[in-house]
Structure formats: structure tokens, C-alpha cells
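Student: Before we discuss how the two chains meet, could we look at the model together and take the questions one at a time?

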Amino acid sequence: VTLLLLATRRGLHDAALAAANALAAEPPLPAGRMNAPRLDDVKAWVTRLWDTAVGAIETAWEEGAAAAKSLVERFGEELRELRTSFAEGAAAVSEMVAERLAEYARNLTRNLLRQFEGELTLADRRFEVRGITVQQRIKMTGSLKASLNDLCSLVSEGEINISASYAV
Amino acid sequence: MVLGAIRDDVLLRVMQALRAIGDRDPPARASVEEQFRAGKINLATSPPVGWAVIGEALVGELARGSPAPAARWLSLLRAAHPDLAGDYALIAAVLEVLVLVAGTDTDSAVPDDLAERVADAARAAEGCGLVEAACRMQLCQFNLRAETPHTRLEPAKQMLRLAEASGRAELIAEATAAMAVAQIQIADETQASRLAAFEALELAVERVTAAEGPARTKLAQSVVRALAGGDKRYLMNLAAHLARFLREDGEAVPRTGGGAQPWPARLVRMGATDEGSAIIQGHIWALRHDMDIDRDHLSLLPSKTVLNASADWLDWTLSHPAYLRAVPLGTSFLDERHARGHLLDVVHEVTHVRSLLGHLGMALTALRATLHDRRFQDWTRRSLEELQALHRAGAKAPPIDPTKGADLLCTEVSLELVLKAHALQDAWLAWMEGLALFGEAAFDSEVQDVYSVPAILRCLVDFQLERKEGRALDEAELQRQFTALFDDVDRRWQDAAESIGPDRLRNAFSVTETPYLAGYLAVRGVVAAWRARLGRPITGSAAFQVLLFLTRLATGEAIPNLALRSDRFAAEAEAGMAAWAARMAALPSEALEVLLSPGGDGSGALFWRDGAPLRIPIKEQSALAEQLQREMVAQAFRTLTDADDMAHFGPDGHPHRVHAAQWAGMLGEAQRSEDRQKHENEAHERALEWLQLGSFLPVGQADARYYLAFGPPEVDSRLSVAVRNAEENREGTGPSVDILSLPLPHATAAALAEEIEARRVPRLQVVRLIDLSTRTARVPWPLQVYRYGKWIYAISLTGGIRRTLVDGSDPEDPLAQIIRSRLWPEPDPFGFDVLPQADVMARHVIDELDAGGETEGLAEAWGMQLRGQAERILAPSRRPEAQRSAACSLLMALGHPAERASTLSDQAFGTLVGAADRRDALQSLLRTGTAPCDDDWLDQRAAKLAAKGFDVFERRTLGWDVRPATGEARP
């Protein structure tokens with residue numbers, strides 16, 4: 001059994017963010033007209049929450065989880081505000097933000113694991129992987145704030161711990 | 001189906017067609033009948049009526065059960081008239097039908113091709129102008145196809161078309177019922193087929209219930225029978241109407257639901273002694289039920305293709321998904337579900353429309369009017385025979401012969417005009433969008449004149465006087481309520497701007513295909529420069545008013561000569577726009593002071609001449625504007641008339657260039673001819689007409705069910721109408737509807753009643769129209785427009801007083817004509833597309849070049865040139881690239897370094913500002929937009945944002961603001 005550390009890189013974070021943002025892709029505006037881009041309450045709230053969430057993740061990445069704490073708290077406050085001021089759309093907004101967080105996490109871990117080497121060569125002997133266990137847990141639960149907190153912890157550590165078993 | 005079941009019907013229709021021939025000339029018919037009876041008829045010389053009489057005799061024999069020698073007569077007819085034209089063709093066609101009928105036992109199945117022969121006879125009848133006979137033949141064909149429902153739609157369509165052309169009410173009712181039966185029978189699970197069935201049934205209900213006597217019962221039964229089986233729940237509210245009428249006619253009614261109250265007719269003619277209020281109450285009651293029908297209809301309509309608000313550069317209309325099927329009425333605009341967003345959308349788009357009612361709009365109109373002239377001339381230079389052939393072939397655009405210089409030149413002029421219009425739009429887009437975004441927060445603007453956006457916004461609500469008990473209704477009370485309503489509009493705007501303003505900026509700045517951020521920062525930079533120059537915190541709203549004025553009436557100096565070739569024109573348009581913005585940023589204090597006091601000393605309206613504001617009388621302004629429009633049209637007319645315009649064909653002396661220059665010279669020479677001067681004048685007049693039409697802004701449209709109680713002159717007539725005023729009500733439970741009861745003057749109601757009886761359609765159209773032209777008032781003025789066929793009625797409710805602006809009784813009323821041209825323009829009578837969309841035109845050019853085959857020499861080079869231009873028009877990336885390039889030039893002209901200008905023009909806000917700082921950046925932009933800010937909050941935010949690369953704020957004496965434009969381009 002070997003304990004491996006897979007380090008996150010900026011490129012992986014950016015790619016994961018792009019994948020999450022792609023969930024919000026919209027058709028292009030009509031050509032040859034002067035447009036006001038479409039915006040409804042759901043889209044406005046999703047963007048507002050997502051900006052804060054991404055701000056927290058980026059801060060965690062650059063300055064550590066502790067520095068991101070205030071943004072995670074702000075995210076929680078905005079969620080509370082969402083429920084009080086836009087109760088009828090809160091579920092839809094939360095679901096869309098959750099989807100983006102999940103897509104970010106999924107994309108980041110998938111690309112991290114791609115770095116993982118399926119075989120090792122030690123002392124001229126080749127070992128093939130038989131199984132792996134990821135040490136960290138990211139809870140994409142009903143609590144968006146908790147999910148964001150977990151994501152911030154993951155990216156702030158800058159690495160993912162994996163136990164892998166190899167055999168000859 | 002056996003023939004016996006339908007034989008009599010077929011013979012009846014054949015007889016009717018033959019009778020119709022004879023009825024053309026009754027004396028001739030009587031004479032021929034006499035000859036026939038005497039056995040002295042000479043068929044070789046007999047007119048068609050003679051053959052028709054023989055045909056009738058054959059029908060009689062068949063009806064009596066005798067064998068009829070139809071085949072023999074048919075061959076004799078063919079021998080006598082081998083060409084079989086006109087009435088002879090119809091007689092031959094019905095004889096074909098008789099041959100089939102005569103040759104089939106009544107117990108045998110209907111011959112396979114009988115329906116086709118009847119269809120031939122219907123076409124022949126129409127071909128010789130017998131519309132009613134043709135219609136009845138189509139009905140016969142419809143009946144013959146009873147066992148194959150999918151084949152019944154076409155005869156039903158033809159029948160309805162012919163019936164409407166005949167103007168015969170009973171035929172129209174019958175055809176409409178047949179159409180409903182056909183659509184209901186073929187409706188499946190698809191929404192489109194259900195919508196078609198719904199609309200056909202709705203029309204049938206209208207026309208069948210207006211029929212009289214046994215016909216009504218018979219037709220209603222035929223439609224109700226078609227409703228049996230399958231899931232027809234979506235039609236049941238409509239079917240209830242028919243069921244009620246059947247009950248009234250004493251018929252047993254199958255299950256359709258509906259209450260017991262008799263249904264009112266769409267049009268009730270009241271006598272002098274009738275209880276008008278009871279009739280009107282009945283109408284209101286019926287409209288409440290009609291709301292269910294309306295909801296059913298709405299649920300079947302296809303999804304909207306318009307997803308966002310936008311304004312059109314060319315016709316200055318505003319398109320908004322919320323107002324495609326709803327009309328703001330009363331205060332619905334403030335009460336609908338997404339009112340805050342819609343309000344700011346309208347402010348944004350109204351700013352665009354307002355901006356275009358000036359020099360830029362005039363330039364675009366000049367290009368468009370010239371294009372219209374070119375295209376029109378391209379049609380009219382053809383012979384009548386050629387035009388008729390093109391019409392028959394369904395041509396929408398004139399053909400292009402790639403070997404003819406005249407065709408190539410004419411086509412290139414059209415493409416050039418389109419490319420120049422695009423270039424002008426692309427050059428100004430960033431500025432326009434920046435201004436519109438900035439205007440969204442200008443909620444405390446003074447309503448000073450027709451330029452002001454708040455005045456237009458107020459046109460989205462109607463003042464409804466509240467009569468409170470115990471409070472006198474005097475002038476002061478009226479004024480109080482009036483002011484309260486408009487204060488409410490302003491307050492809602494402020495609330496919207498403050499609550500979702502940051503979200504809207506964020507949303508716009510995330511769009512990369514349009515340079516919103518660059519445009520917004522450019523506009524803000526100009527305002528910051530003014531604040532710095534005057535040393536006082538001009539409010540955002542005051543600055544917005546000035547910017548709007550300058551964009552409308554000071555941009556003429558930035559527009560290049562419209563005669564230039566498109567490539568040079570595009571470069572000069574971009575440079576002109578950027579230099580103009582820099583000049584505006586650098587306006588001297590004196591000019592700014594004049595602009596910031598639009599009321600001035602009352603010596604005239606604000607105008608712009610020779611780079612400075614001045615006041616001149618409005619009449620003089622109009623004359624100057626007209627003169628400018630004339631000059632612009634004259635410039636556009638000179639497109640490709642200069643030898644230098646052909647320089648791209650090769651170096652000096654190159655044969656292609658020489659030859660092409662000759663063509664350009666000929667065009668230039670022709671332009672100076674008297675005839676062309678006449679065309680130029682016409683184009684100028686057309687441009688002025690379009691400018692006038694453009695100053696009537698439609699916001700919202702709906703088809704509304706209605707009832708008319710039409711009284712004698714001494715009794716008030718009433719139009720009751722259910723108008724959808726929002727697709728989503730505040731509770732989010734569905735659309736909301738206003739039921740209105742409008743008193744109509746007698747002449748107005750009489751004109752409407754006449755139209756109702758002629759058309760019998762269950763909905764009229766309602767549009768809200770804002771008059772920005774000062775035609776009806778000195779300020780923007782809202783009109784509610786009602787249209788039913790030729791009838792147009794327009795009222796205004798502003799000020800609590802109902803003003804009838806178009807009373808519907810005079811089709812020649814000038815305002816009615818303007819409204820009709822603006823909202824419901826007549827298509828070209830030949831179906832030609834005189835002013836096509838640019839992409840349609842470009843594709844047509846490519847198709848014609850492809851179809852034209854090989855060319856050589858100049859024709860080949862010119863063809864390649866045209867193809868290149870058409871492909872440029874179609875290239876999806878061309879315009880966004882040009883727009884970003886212009887945005888970058890704009891920022892550079894205002895003092896931004898090239899690298900920053902490029903970044904701000906090309907990249908989304910999300911890539912420029914970290915997610916954690918975006919909210920702060922947006923709030924900082926909005927707060928400083930209102931006025932420069934001097935507080936700790938901005939001290940911290942602006943410095944932090946600058947440190948992170950979003951270095952757009954600067955602290956000056958007045959406080960923090962966007963970095964002022966310097967008016968000096970930096971490397």
C-alpha cells in the first residue's frame with residue numbers, strides 16, 4: 001500500500017471552474033440588434049451566489065481555507081437572504097448552485113485522478129494498481145454552505161491523498 | 001362509402017357549376033334552351049352556354065336514374081374545342097365527373113378518382129371566375145374524402161379561401177365548419193396540430209353561431225360530431241359554445257359541459273328600448289368564460305423565440321418576451337411578476353430607440369430608403385411579362401444575370417448599402433449599449449421634454465381616477481392622484497435600479513459577444529471628465545439626459561459621407577465615432593452649462609450646430625433636420641457612382657477597372673437625370689415617412705376576445721374586451737386579464753359592426769403605442785390602439801380623461817394611416833420582397849451567382865467581388881469583431897492605454913475581476929455613477945480593485961469616480 005499525494009494545479013482549478021460555468025451557457029444574443037441580455041430573478045440569484053462561492057474557492061486556493069471563511073459565511077448569509085426574499089424560487093436557485101458546485105468538484109477530482117499512474121516501476125519491477133481509496137471526503141449534501149466549506153478545504157490543501165494498492 | 005351515399009351531392013354541385021355558366025348570360029341561355037328543345041342546336045358554333053345546357057340535361061337524366069351518354073358528349077366537346085380553354089374546360093371537367101358517376105352503380109364503392117375529378121372541376125370553375133361554384137365543388141371533394149381525414153385539409157383550405165373571396169356568409173360558415181372538422185380530425189398529440197384545431201374550431205364557433213336557421217344546427221352538429229373520440233379536452237371550453245347554441249335550437253347535445261345561460265352574440269344590435277346595461281352585463285359575463293378559452297389558447301401557442309429584450313436598429317421597435325402576447329394596461333406594468341426587470345429592460349431599450357431618433361437613425365434611414373429605391377427600380381425596370389412570370393414562379397427577389405453589367409452594378413450597390421448600414425451600427429454599438437446601461441440607473445431624471453426616458457416610462461401606465469367618498473374631486477385632487485401615480489413609477493424604477501442594478505451590470509458584462517463593459521466605461525469616462533471640468537458632482541441622471549441629447553443630435557458630424565465605399569466607410573465610421581466621443585469628453589465648461597440646463601431661458605429648443613449647443617425655434621430645427629435627411633439620402637444615392645469606387649478591380653488602366661469605372665460613371669450620370677432626381681426625392685420623402693413612423697413606439701400586443709353592443713345614435717354603444725395585460729401575474733399563477741368596457745361613439749361602433757359582419761373573427765388586436773413625435777402632445781403620449789380588419793380605434797387615458805384620437809369611422813384619418821403603416825403594413829401586392837433582411841439578400845446573391853454558370857473577364861471578377869461581399873454579410877463572426885474593434889478604438893480615444901482598451905473590449909468581466917471582488921466592483925460602479933463618492937467604503941474597495949488589476953477608478957477633488965476620459969489617445 002502506498003500513500004500518494006496528487007497536487008492540484010491552477011490549470012485543473014480553471015478547467016473545473018469552466019466546466020461548472022458551462023452549465024450556465026445560454027444561446028447567443030440575436031445578431032444585428034441592440035440587446036438587453038436576459039435576466040430573471042433565478043438567474044440573478046444564481047450568479048450572485050455563484051460569484052461568492054467561486055470567490056471563496058479562489059481565496060481558499062490562493063490564501064488558504066481560513067482566508068475564505070468570511071466568504072463562506074457571506075455565502076451562508078446570501079442563502080438565508082435568498083430564502084426570505086425569494087422564497088418561491090429558492091429551491092430552483094439552490095439546485096442550480098448545487099449543480100455547479102458538484103460539477104466543479106467532479107471535474108476537479110476527475111482531472112486530479114487522471115494524473116494518477118496506473119503502474120509503477122520500482123527496481124525494474126512493474127506494479128499494477130489493484131485499487132485506490134481517496135482519503136478526503138467532499139460532502140455534496142443538502143447544505144450548500146457545508147459543501148462549499150468542504151470544497152474550500154480541498155482546494156486550500158492543494159492536494160488530494162490517495163491510498164493505492166499495487167501488485168506485481 | 002358507396003356512391004349512393006353521396007351521388008346526389010355530386011350531381012347537385014355539378015348542376016350548380018353548369019348553371020353558373022348559364023347565369024352569366026340569361027338571355028343567351030333562354031335562347032339556347034329553346035334551340036335545344038327544338039333539336040336545332042349547332043354545337044360546332046354554340047357558345048359555352050349551349051354545352052352547359054346539355055350538361056344540365058345529362059345531370060337531370062342521371063338524377064332520374066337514366067343512363068346518360070356523358071362520355072359521348074365529352075368526346076364531341078373535345079372534338080369541337082380541342083384547346084378546352086375557359087368555360088369549355090369547366091364543362092369538360094364536369095363531364096369527366098358525370099362519366100364516372102354514370103359508369104358506377106349506386107351500390108358500388110365511390111370510384112377512386114372521383115374526388116380528383118371533382119377537384120379538377122373546382123380548379124376549372126375557379127379558373128373561369130366562378131368562385132362560388134368552385135367553392136361548392138371543393139365542398140363536394142371534402143365530402144368525398146370523408147373516409148380519409150388526412151386528405152380533407154387541402155379541399156377545406158381551398159373552400160375557405162374561395163368562400164371568403166365570394167363574401168357569401170352562408171358559404172363562409174360552411175367552409176369554416178369544414179375546416180374545423182378537417183383540423184379536429186387530423187389533430188394528434190403534437191402541439192402544432194392541436195393549435196390548428198383550436199383556432200379552426202374557434203373560428204367555426206364564431207361563424208357557425210352567426211349563421212341562421214337550420215344551417216346553424218346542421219353545421220354545429222357536423223363540428224360537434226368531429227369532437228367525439230380521442231382526448232379533446234383542450235377544445236371543450238370552445239365546444240361548450242356550440243353546445244349552447246344547439247340546445248337553443250332544441251337539439252340533443254353530447255357531453256361538452258357549459259352552463260345554462262344563453263351565450264351572447266359577438267355583435268348585438270340594441271333597439272332604443274333595449275336594456276343596454278343587461279346586454280353589457282351579459283357581455284362581461286361571457287368574457288369571464290372567454291378567459292378560460294384564452295388560457296387554453298395560450299397554452300397551445302408555440303414557445304417564444306424571443307428570449308430577451310432588444311431594439312431594432314432599422315425600424316426602432318422594441319421587442320420583449322413579456323409583451324409579445326400581452327399589453328400593459330392600467331398599472332399592470334408595475335404589478336406583473338418580474339416587474340423590476342421588465343422596467344429596466346424597457347428603460348434600456350427605450351434609450352436605444354430614443355438615441356436613434358436623431359442623426360444616426362437618419363443616416364440608417366437614408367441608406368435604407370436608398371436600398372428600397374434600388375430594389376424597387378430593380379423590379380420596375382423589368383417588363384410586365386417578366387414581372388408576371390416572376391410572380392407566377394413565386395420569386396421574392398429579382399434574378400441576377402451575372403453576365404450583365406447592369407445587374408452586377410445594381411446588386412453591388414444593394415450589398416454596399418447593407419454593408420454601410422452594418423458598419424455604422426457596429427461602430428456605435430458599444431457606445432449605445434454603454435449609454436443604455438448607464439440610463440438604467442437614471443431614475444431621478446427630470447421629466448423635461450420628449451427626450452426624457454422617464455416621460456416615456458410613464459407612458460406604460462394609465463391613470464385611473466379613484467373617486468373616494470367624502471373627498472371632493474377637484475383639480476387639486478386630480479393633480480394629487482396624477483402625481484402619486486408617477487411618483488410610484490419613479491419609485492419603482494429606483495427600487496429596481498438599486499435592488500437588481502448590480503445583477504444587471506454583472507449579467508451584461510458577462511456577455512463577450514457585445515462590448516457592454518467597454519461601452520459602459522466609455523460613457524462613464526465622459527461623464528467623469530465633465531464632473532472634473534465643472535468641479536461639481538453632476539448627477540448620473542443629469543449627465544444621462546445630456547448624453548442622450550448628444551447621441552441623438554450631435555452625432556451627424558461623426559458620420560462619414562454615405563457615398564463612400566463600404567470598406568472605407570467602415571474605417572471612417574469607427575474613427576469618427578471614437579473622435580466624436582473624445583470631443584464630447586472634452587466639451588468646454590460653457591457648452592456643458594448650456595447642456596445641463598435644457599429648459600434654458602426659454603428662447604427655443606436645444607440644438608447642436610458646428611460643434612456646440614445652441615437654442616433655436618423648434619420649427620427651424622425641423623427644417624434643418626429635413627435638410628440633413630435630404631443630404632444624407634443624396635449621399636447614399638451616390639453609392640458606386642465614382643470611378644474611384646472601382647479601384648479594387650485593378651491598377652489604373654486595367655481593363656476591368658476601366659470598364660467597371662464606365663459603369664459607375666453611367667450610374668453617376670443617370671443619377672443626375674431628371675428621372676433619378678425624382679427617385680431621390682421620393683426616397684427622401686420615404687425616409688421622412690419612416691422617421692415619422694419610427695417615432696411611434698409599440699409596446700405590447702395581444703389578440704383579445706370582445707363583444708359589441710351596438711345601439712342607435714341616441715344610445716351609448718359599448719365594446720367589451722378582455723385584454724391580457726401580463727403573461728405572469730404577481731402571484732405566478734398565470735396570465736392576468738383586464739376586462740374593459742369602452743363606450744363608443746355611434747359612428748365608431750357602426751364602422752366596427754360593419755367589419756364584424758364582414759369578417760366574423762373572434763378576436764381584435766390591441767396594442768399600446770407611445771407617440772414620441774409630439775403629434776398628440778408635447779411630451780410622449782400613450783395610446784391604446786384597437787384594430788379589427790380595417791377598423792382602427794385609438795384612445796388615450798392619460799390625465800384621467802379619455803381622449804379619442806382615432807374614432808374608427810374614417811379610414812383616411814391621417815393618424816389611423818400612420819398607425820396602420822407602423823403596426824400592420826400592407827405586404828407588397830405581388831408578394832415581392834422589396835426590402836429583404838440582409839442575410840436573405842446575401843444568400844440570394846450567392847444562389848444567383850451559383851446558378852449563373854461560368855463567366856469570364858470583368859463579369860467573373862465582379863461576380864467574385866459580389867460573392868465576397870455577400871459572404872461577409874453572412875459571416876457570423878464579422879460583426880462582433882467589428883464591434884469589439886470599435887469599442888477598443890473608443891476606449892483608446894478616451895485615453896485608455898491600448899492594452900487595457902483591448903482587454904476591456906474583448907474579455908468578460910468575470911475574467912477581469914476575481915469572483916470575490918465582483919460585487920464590490922459593481923457596487924462601486926453604480927455608486928459613483930450616481931455621483932462621485934467620498935467615503936471610506938470606496939477608499940477601501942477602489943484601492944483593492946486597482947491592486948487586483950481592475951484599475952478603472954480614480955480619486956479626485958470630488959471623490960471617487962470612474963477614471964475621467966482625457967480626450968487624448970494613448971499608445
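This is a predicted model: local features need pLDDT of at least 70, side-chain atom pairs count only at pLDDT 80 or more; totals for chains, interfaces and linings use all residues.

Student: Which element of chain A gives the most residues to the side that touches chain B?

Tutor: The elements of chain A that each give two or more residues to this side are strand 2 (33–36), helix 2 (41–63) and helix 3 (65–85). With 10 residues, the one that gives the most is helix 2 of chain A.

Student: How many nonpolar residues does the side of chain A that touches chain B have?

Tutor: In all, 25 residues of chain A are in contact with 37 residues of chain B. Sorted by class, the side of chain A has 9 charged and 5 polar residues, while the nonpolar ones number 11.

Student: What is the area buried between chain A and chain B?

Tutor: The size of an interface is often given as the accessible area lost when the parts come together. Here carbon and sulfur atoms give 50% of that area, and across the interface the rule finds 5 salt bridges as well as 16 residue pairs in polar contact. The buried area itself is about 2,500 Å².

Student: Which strands are the edge strands of the open sheet?

Tutor: The sheet is formed by 3 strands in the order 2(A)-2(B)-3(B), with antiparallel pairing. An edge strand pairs on one side only, which is the case for strand 2 of chain A and strand 3 (318–319) of chain B.

Student: Why is chain A said to be more spread out than a compact globule?

Tutor: Chain A has 5 helices and 5 strands, and from the N terminus on its elements run β-α-β-α-α-α-β-β-α-β. For its 168 residues the globule rule gives 15 Å, so chain A counts as more spread out than a compact globule because its radius of gyration is well over that value, at 19 Å.

Key: Residues are numbered from 1 along each chain as its sequence is written. Chains are lettered from A and ligands numbered from 1 in the order in which they are written. Side-chain values use heavy atoms; hydrogens and water are left out. Contact means heavy atoms within 4.5 Å. Buried area is the accessible area (1.4 Å probe) that two parts lose on being put together, summed over both. A salt bridge is a side-chain nitrogen of Lys or Arg within 4 Å of a carboxyl oxygen of Asp or Glu. A polar contact is a pair of N or O atoms within 3.5 Å; within protein, one must be able to donate a hydrogen and the other to accept it, and residues adjacent in sequence count only if both atoms are side-chain atoms. Helices (H or I, at least four residues) and strands (E, at least two) are DSSP runs, numbered from the N terminus. Ala, Val, Leu, Ile, Met, Phe, Trp, Tyr, Cys and Pro count as nonpolar, Asp, Glu, Lys and Arg as charged, and the others, Gly among them, as polar. The radius of gyration is taken over C-alpha atoms; the globule rule is 2.2 Å times the number of residues to the power 0.38. Two strands pair if DSSP finds at least two bridges between them.
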